[in-house]
Every structure is written in C-alpha cells, then in structure tokens.
Amino acid sequence: MNARRLTTPKEKVQQLQEKLGHAAKTSKTRRFHALYDKIYRTDRLWEAWRAVKANRGAAGVDGETIADIENQGEIAFVKECQRLLREGRYRPQPVRRQYIPKADGRKRPLGIPTIRDRVIQMATKLVLEPIFEADFQDCSFGFRPKRGAKQALERIRKACNRKGNWVVDVDIQGYFDNINQEKLMKLVEMRISDRRALKLIRQWLGAGVMEEGNVKRSDLGTPQGGVISPILANIYLNYFDRLWEKHGKEVGVLTRYADDFVIVCKTKKDARHAYQLVRAIMERLELTLHPTKTRIVGMWTGEEGFDFLGLHHRKAKAATSRNQVYYTTQQWLSAKAEKHIREVVRERLGTATMRHKSIQEHVDWLNPKIQGWKNYYMTAYSHRKMAKLDWYILMRLTRWYAKKHQRRNWRSCWHKVKHIANVCGLKKLC
C-alpha cells in the first residue's frame, strides 16, 4: 500500500483559495465573516514567508533583513508572526520612505514596510484575493493572477483594429497617495465582515510613513510598496470598472492596468462622451485626472499615437497580397522604454568602477536583461528599434573595452569586441 502523500503549504493555500473563490462567485452578495483565523494558519504564513523571501526586498524601519531572519531561524520568525496575530498583539510599523529618481529628474516615493509586515500582508492577500477576484471585471489586468500587461496590450490592439479610431488616454494624478481610505474600507466591507480582518487593513492604512525620523500619517492613500497595496488599489478602481460596464460599455472599450487605462472609441463624439464620463466617476472617487497627460488621441490618419505599458501604439498603412491598402494598429517600443534600456546599459558599462570586470562577467549580467526586454518589447513592428539597441549595447561594450585597454579610438576595437561577445554568448534583442 502506497504511503499517503503529504499536502504542501502551497497546495493547502491553493485549496483554500479555490473554496473561497467558488463561494464568492456563487453568491455576489455574500460577505465573508470568518477569515482572520485563516490568515494566521501555519501553511498560509509559511507560503507568505516563502514569497516575501523570494523577492529579496530591503529592510524596513526596524533594519531587519531577510538574511537576519534566516540566521536567527525562519521557524521562530513564522511562529512569532502567528503568535502575535492569534493573541491580537500584532501592530504594523510605519513604512520606510525611499525616493527613486525618475527620468524627468523628479523623484518617485517608494514605501518599504518591515519584513514582518510584508509577510502578514502577503498572508492576508492570499486569503482576500480569491474573494475579490470574483468581482473584478475583464477589463482589469494589473496585479491579478493569470493576467498581465501582454494581454492588456492585445486587447487594445484588437479594439483599435475594430474601427477604434479615437482613444482616451487617462492618467490619474497621484493615485496611490489620494485614495480615500474611508471609501476604500466601505468597498472592502461589501465583501468582508470579519472585524479582525478589517482591523488589520485599517492598521496598515493608518501605519504612516517614516521620513527623516518623523512619522507622517494621512487619511488618504494606500501603503505604497506594501504587498497588500495592489489589491486594495484594484478594489477601489473596480468601482470605476463596474460603473463603466454599466454606463460606458457602448461608448468605448476600457482596458485598465492598475491606475493606468485607455478607452478605445469609434468616433470623436464617443471619445468626448467617454472623457466626461470618466471625469464624473473620478469625482465620485475623489480622484483627479492629470491635466496634461490625460488626452484624446485621434488614430485615424496615423499622425497621432499614444504610449501605454511601455509600447507606442499607432495606426499605419499596410497592404494585402492584392495591394489593397488598409490601416492596422502597430505597437513598438516607446521612446521612454528605449531611453530606460539605454540608461541601464550605460550605467553598467559607462562607469569607471566597472573597468576591472571581464567581458564574460558583463555578458552574464546583460543576458537575462536582454532576454527580459526581448520577451516583453518584441513585436512584429519593433525590429528596427531593437536592432538600434543591439548596436548600442555592442557600442557601449566596445567603448568599455577600449577604456579598459587604454585604446584611444574605440571604433578600432569594434570587430574584435563583436567576435569576443559572440564567443561569450551575448544575446540579441532583434
């Protein structure tokens, strides 16, 4: 007789998610009241710890790192998380504020919760996600299981090719920092009635941000950088998605990825109507559209286009095998994405501190990035831009080589470096 196979924590989590998801789909009005004890179950916390550890994120305000927890003992850490939750003694710490430079010279604020907070947020997300997934609309693609940017891009391409000649390109100003927490909690409470689970979410919303030694708290916003933040952000904008499905479906095709979305319309009149409808719903949510980034784009003649999720979208002439001319939607690497790739390569190969490295070390570092860029940005219309980036990468590698070997004219090294790079296995985008 075969020994019974033990169920792994991951399988137990999947079984719970399937049950919760089925229950939520079966009854669209059901409110779940017994969730808190499911959050601090050992298998949930272990799966949450595994996911947080895999991300290898930085330490929060307490300075505790992933390595510290591994050295002190993962079992003890998970048990401590469980004990704090079971006894009702868990209190989240403020989020550590860090600023990341943007391409335009400004800085984007990023919040880094403590690792303990990230683990407990992840355990909570594992329980809440299947419940709210049952309510989310088909037009939403950001931070959702089995959905992603590539599907959103394909939806837009098809909508544009089905006589979608006008696009409302929407940008919400400071979305994550301006979510009304009270309205968000009311939306959460439409599905969750467990008081202890609701208290957890309120604690994270009110934990505040530590910046220059001072803790700042606000009634607006979600904990950016927190594991729980994306699902809360989707819950808030799902209100918009549902209203659009009810009132705007005939006006245009909505495609949303987190707080970025576009609406593809057939006529300019529909696009203007869509814009006014978006503004009205955003006023209900107490959100503001960016005055310059939100715009109506005419795709009909191919003179205008728009950027979305790293790709530029534009209609261009094409011909059938019988030389019949028609317009089709083409997608290629956006100028912003191209600039970012160049900056990443230049930062690696253009600094003096990288002179001591070997070509093989640089190739090994570049290859995973090149493969990732190729997987995402490569389309039927990206070849020319990708070929230019291949040239740029090889040029940067050649200039690095010339400086390392004190050659004045880097162009004289081109063919040699190209041969060495090929031997080392440098991948290509095109």
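## Basis of the description

The model is predicted: local features need pLDDT of at least 70, side-chain atom pairs count only at pLDDT 80 or more, and totals for chains, interfaces and linings use all residues. Residues are numbered from 1 along each chain as its sequence is written, and side-chain values use heavy atoms, with hydrogens and water left out.

## Nonpolar cores

A nonpolar core is here a set of buried Ala, Val, Leu, Ile, Met, Phe, Trp, Tyr and Cys residues joined through side-chain atoms within 4.5 Å; buried means under 20% relative accessible area, exposed over 50%, and partly exposed in between (1.4 Å probe, protein chains only). The largest such core has 76 residues, and Ile 192, Phe 240 and Met 282 have the most contacts inside it. Apart from it lies another core, of 46 residues, which includes Val 264, Phe 306, Val 345 and Val 363.

Contact means heavy atoms within 4.5 Å. Beyond its neighbours within four places in sequence, Met 282 is in contact with Ile 172, Leu 237, Phe 240, Phe 261, Leu 287 and Leu 289.

## Aromatic pairs

Rings of Phe, Tyr and Trp (its six-membered ring) pair if their centres lie within 6.5 Å; planes under 30 degrees apart count as stacked, over 60 as edge-to-face and the rest as tilted. The structure holds nine aromatic pairs. One of them, Trp 49 with Phe 77, is tilted, at 5.3 Å centre to centre and 55 degrees between the planes. Trp 49 belongs to helix 3 (residues 42–55) and Phe 77 to helix 5 (residues 74–86), so the pair ties together parts 28 residues apart in sequence. Both residues are buried.

Trp 391 and Trp 414 also form a tilted pair, with ring centres 6.2 Å apart and planes at 35 degrees. Trp 391 is partly exposed, at a relative accessible area of 46%, whereas Trp 414 counts as buried at 18%.

## Charges over rings

A charge sits over a ring if NZ of Lys or CZ of Arg is within 6 Å of the ring centre and within 35 degrees of the ring normal. The charged end of Arg 147 sits over the ring of Phe 141, 4.7 Å from its centre. That of Lys 150 sits over the ring of Tyr 376, 5.5 Å from its centre.

Ser 382 is buried, with a relative accessible area of 0%. Leaving out residues up to four places away in sequence, Ser 382 touches Gln 331, Trp 332, Leu 333 and Tyr 377.

Conventions
Helix = DSSP H or I, 4+ residues; strand = E, 2+ residues; numbered from the N terminus.
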